[in-house]
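Welcome to this guided tour. Open your viewer, get the selection tool ready, and follow along one stop at a time.

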Amino acid sequence: MNILLIHQYFLEPDDAGGSRFNEMTKVWTDAGHQVTVLAGMVHYGGGKKRAEYKGKFTCFRRQGKISVWRCHVSELYNANFLGRMWGYFSFVFSSLFAGFFKLKGRYDVIVVTSPPLFVGITAYVLSRTKRIPFVFEVRDLWPESAIDIGVLKSRMLIKLAYRFEKFIYKKAALINVLTPAFRTKLIEEKQVPSEKILFIPNAADFSLSEDLLENFDAGEFRKKHGFAEDFVITYVGAHGIANHLQQILETAQLLEDIPVRFLLIGQGMEKPRLQAMAAEMGCKNVTFLDPVPKAEVFKYILASDMGTSVLKKVDTFKTIYSNKTFDYMSCKKPILMAIDGVSRELLEQADAGTFVEPENPVDFAAKIRKYLQNPELLQIQGNHGYEYAKEHFDRDVLASRYLEMIHKIINKDV
């Protein structure tokens, strides 16, 4: 098959961040399929173009066996809400340009992953002009999440967003959702036919973790980075409004009497404010680190005692899985899960950590003290998470299942 993937946030080889489709497409190309990606030039965390993209509207690169067309995204992306919206639509325009004038040959299917929801414009237009089906993936419910965290307030924009969402769901040949809660919501509230919905969730990357579990010297890494004596809790991910990382700073303040250290690895528009807040609060047990490539992230996770998944306390986030949860599981680290709903259910089914009431620093601190008093839980729950992810969330298995479903819609379309 010749697959066209539209993914604004498809990672560069040395980028940090969610690598779902970087991993998925590697499995696909290793199986003999061709993959071309329309991707953005601006990372969702940083907001700045690399030097090699300055002044360019599109740029072709090879990433292993994958062909990638990098398309213009406005550098106002992380400035404010309007900048973020222009960042979305600038990618729509540039990816359409690349789709019309840069892509050569015949494609069998388009796979498009959102958010942003507006990448559906590129997918729909190219699917019509190239006369091929498209698969629409829902990584996050939008516009609900933007409404819940207070980013999207305009009634007119909300109405237009819901109308466009309905249109895209109708036109897609298949809709992939990342959690069972998404599936329920699309069927019961958005009247999407159940036979149109596929469930291929985020996955655990055992290709990285298993080698490091065998050969990595976590103790030496801890010494090198100055936290050999600390109980280390690592958060990996975006530093945005949705993540509400202020709750970690407030928790850290309550734990100044014990050797606990929080490592916050990532980038986002809230990071400068959080750093200023940490300094004002005198949080000496919180360390902010810049984003690092995934292989390096795994070293930090393996050198930690626990991982944590954190989001703002809103109803929409009860429907999502945090993708870093699977990285913690694959590294045999128990999780402090400050996300209710399906993420909590996943954690408790796997017995892979402890639920923390979101935005409740007192509960967060109490749960951490429990582990300090019962250190044997760390290994027990870490192993449970690893085994559960191995059985249900293996990347290679899920990527192959995705391919099978794509094959079916291509054959049906023919």
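Before the first stop, one term is needed: a helix here is a DSSP run of H or I at least four residues long, and helices are numbered from the N terminus. Keep in mind too that this is a predicted model.

**Stop 1**

Select residues 20–30, which form helix 1. Is this helix mostly covered or mostly open? Helix 1 is mostly covered, with 9 of its 11 residues buried. Among the buried ones are Phe21, Asn22, Met24 and Trp28. Step just past the end of helix 1 to find Gly32, whose phi is positive, at about 100 degrees.

Now look at the second largest pocket, which has a volume of about 490 Å³. It is lined by 23 residues, and those closest to its centre are Pro13, Ser19, Asn22, Glu23 and Lys26. Which helix gives the most to this lining? Helix 1 does, with 6 residues. To see other contributors, select helix 7 (206–215) and helix 11 (294–302), which each supply at least two lining residues. Colour the lining by residue type and you get 7 nonpolar, 7 polar and 9 charged residues.

**Stop 2**

Strands of a sheet pair through backbone hydrogen bonds, either parallel or antiparallel. Switch to a cartoon view and look for an open sheet of 8 strands in the order 3-4-2-1-5-6-7-8, with mixed pairing. Strand 3 (58–63) and strand 8 (197–199) stand at the edges with a single partner strand each, so one side of each has no neighbour in the sheet. From one strand to the next, the twist averages 20 degrees.

Next, select strand 2, residues 34–40, where 6 of the 7 residues are buried. Strand 2 pairs in the parallel sense with strand 1 (residues 2–6) over 5 bridges, and Ile3 has Val35 as its bridge partner. Strand 2 also pairs in the parallel sense with strand 4 (residues 66–71), again over 5 bridges; here Gly40 is partnered by Cys71.

Move along to strand 5 (residues 109–114) and strand 6 (residues 134–138), a parallel pair with 5 bridges. Show Thr113 and you will find its bridge partner, Glu137, in strand 6. Helix 3 (residues 119–130) lies across strands 1, 2, 5 and 6, running at about 170 degrees to strand 5.

**Stop 3**

Most residues other than glycine have a negative phi, and most peptide bonds are trans. In the loop between strand 5 and helix 3, select Pro115 and Pro116. A cis peptide bond joins Ser114 to Pro115, with omega about 10 degrees. The bond from Pro115 to Pro116 is cis as well, with omega near 5 degrees.

Then go to Gln191, in the loop between helix 6 (180–188) and strand 8. Its phi is positive, near 55 degrees, and at 59% relative accessibility Gln191 counts as exposed. Asp351 sits in the loop between helix 13 (342–350) and strand 14 (353–355). The phi of Asp351 is also positive, near 50 degrees, and this residue is partly exposed, with a relative accessible area of 34%.

**Stop 4: strand 10**

Finish with residues 260–265, strand 10: 6 of its 6 residues are buried, so the rest of the structure largely encloses it. Val260, Phe262 and Leu264 point one way, while Arg261, Leu263 and Ile265 point the other. Strand 9 (residues 231–236) pairs with strand 10 in the parallel sense over 6 bridges, and Thr234 has Leu263 as its bridge partner.

How values were computed
Residues numbered from 1 in each chain as written. Predicted model: local features only at pLDDT ≥ 70, side-chain atom pairs only at ≥ 80, totals over all residues. Heavy atoms only, no water. Buried < 20%, exposed > 50% of the residue type's maximum accessible area, 1.4 Å probe, protein only. 1 Å grid on protein atoms, 1.4 Å probe; cavity = no way out; pocket = protein on both sides within 12 Å on 5 of 7 lines; lining within 4 Å. Points joined across faces, edges and corners; volume = space filled by probe spheres on them. Nonpolar A, V, L, I, M, F, W, Y, C, P; charged D, E, K, R; others polar. Pairing = 2+ DSSP bridges. Axes fitted to C-alpha atoms, helices over the stretch in contact; angles between N-to-C directions. Contact = heavy atoms within 4.5 Å.
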